[in-house]
Amino acid sequence: MMKRKVVIAITGASGAIYAKVLLDKLVGLQRPDLEVGLIMSDNALQVWEFELQNQSYKDYPFKIYSKTDFSAPFASGSAKYDTMIICPCSMGTLARVASGISNDLTTRAADVMLKERRKLILVTRDTPLSLIHIQNMKVVTEAGAIVCPATPSFYSLPKSFEELAATVVDRVLDLADLEVSSFRWGE
């Protein structure tokens with residue numbers, strides 16, 4: 001069985017609930033063949049604590065790498081991490097990825113994913129969008145990334161903020177080829 005290696009980066013965009021639901025679902029997968037690395041920016045920590053009113057990011061079983069730890073395995077293509085999810089992805093992070101600016105571990109890992117032609121999923125979280133944001137989304141898409149805006153759906157009749165965020169996270173996990181039990185249209 002081939003090991004899946006996934007890196008999750010959480011930036012300072014509003015929407016810490018998306019990151020929390022993503023981490024919860026990854027924990028729930030309970031797969032011995034899944035290795036998860038985690039990066040959180042300073043702003044991500046502040047936003048998580050403000051929006052979720054806790055520090056539960058410390059409670060996950062994933063190794064947390066410093067944003068300046070360029071010795072992290074996924075800072076090199078030779079480590080063969082196959083998927084990176086940036087959730088939520090700030091417009092600043094998107095711009096740096098689109099420009100090839102690898103000034104921290106998140107943008108370096110994203111650069112590695114693109115150069116190695118591996119899966120990079122950016123869960124953008126901002127509105128409205130400027131032309132610059134749209135152009136950056138076009139650039140990363142042309143480079144091979146997937147832009148998956150944090151736009152929840154309502155046809156599953158979510159009853160909580162977590163269920164609403166899960167409508168986005170489940171799509172992200174589908175894009176990452178990680179099987180999750182979720183609402184499926186027509187089923």
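**Sheet, helices and cysteines in the predicted model**

The buried residues of helix α4 are covered by elements that include β1, β2, β3, β4, α3 (91-99) and β5. Here, buried means under 20% relative accessible area, exposed means over 50%, and partly exposed lies in between (1.4 Å probe, protein chains only). Covering rests on contact, that is, heavy atoms within 4.5 Å. Helices (H or I, at least four residues) and strands (E, at least two) are DSSP runs, numbered from the N terminus. The model is predicted: local features need pLDDT of at least 70, side-chain atom pairs count only at pLDDT 80 or more, and totals for chains, interfaces and linings use all residues. Residues are numbered from 1 along each chain as its sequence is written, and side-chain values use heavy atoms, with hydrogens and water left out.

Helix α4 spans residues 105-115. Eight of its eleven residues are buried, so the helix is largely enclosed by the rest of the structure. These buried residues are Leu 105, Thr 106, Thr 107, Ala 109, Ala 110, Val 112, Met 113 and Leu 114.

The sheet is open and has six strands, in the order β3-β2-β1-β4-β5-β6. Its pairing is parallel. Two strands count as paired if DSSP finds at least two bridges between them. Strands β3 (63-65) and β6 (146-147) stand at the edges. Each has a single partner strand, so one side of each is left without a neighbour in the sheet.

Strand β1 (residues 4-10) is mostly covered, with six of its seven residues buried. Seven bridges join β1 to β2 (residues 34-40), and the two run parallel. From β1 the chain passes through helix α1 (residues 16-29) to β2, a β-α-β crossover that is right-handed. Right-handed means that, with the strands pointing away from the viewer, the path from the first strand over the helix to the second runs clockwise. On its other pairing, β1 meets β4 (residues 83-89) in the parallel sense over four bridges. Ala 9 stands opposite Ile 39 in β2 and opposite Ile 86 in β4. Strand β5 (residues 119-124) runs parallel to β6, joined by two bridges. Leu 122 stands opposite Val 147 in β6.

Helix α6 covers residues 161-175. Thr 167 is itself buried, as are Val 168, Val 169 and Asp 170, among others in α6. Cover for the buried residues of α6 includes α1, β4 and β5. Asp 177 follows the helix, with a positive phi near 60°.

Asn 136 is found in helix α5 (residues 131-142). Asn 136 is buried, at a relative accessible area of 13%. Leaving aside neighbours within four places in sequence, Asn 136 is in contact with Leu 94, Ala 95 and Ala 98.

A search of the whole structure finds zero disulfides (pairs of cysteine sulfur atoms within 2.5 Å). Cys 87 is in none; the nearest cysteine sulfur, that of Cys 148, is 8.7 Å away. Cys 148 is likewise in no disulfide, and its nearest cysteine sulfur is that of Cys 87. Cys 87 is buried, with a relative accessible area of 2%. Cys 148 is buried as well, at 13%.

Notes. The expected span of a helix is 1.5 Å times one less than its number of residues.
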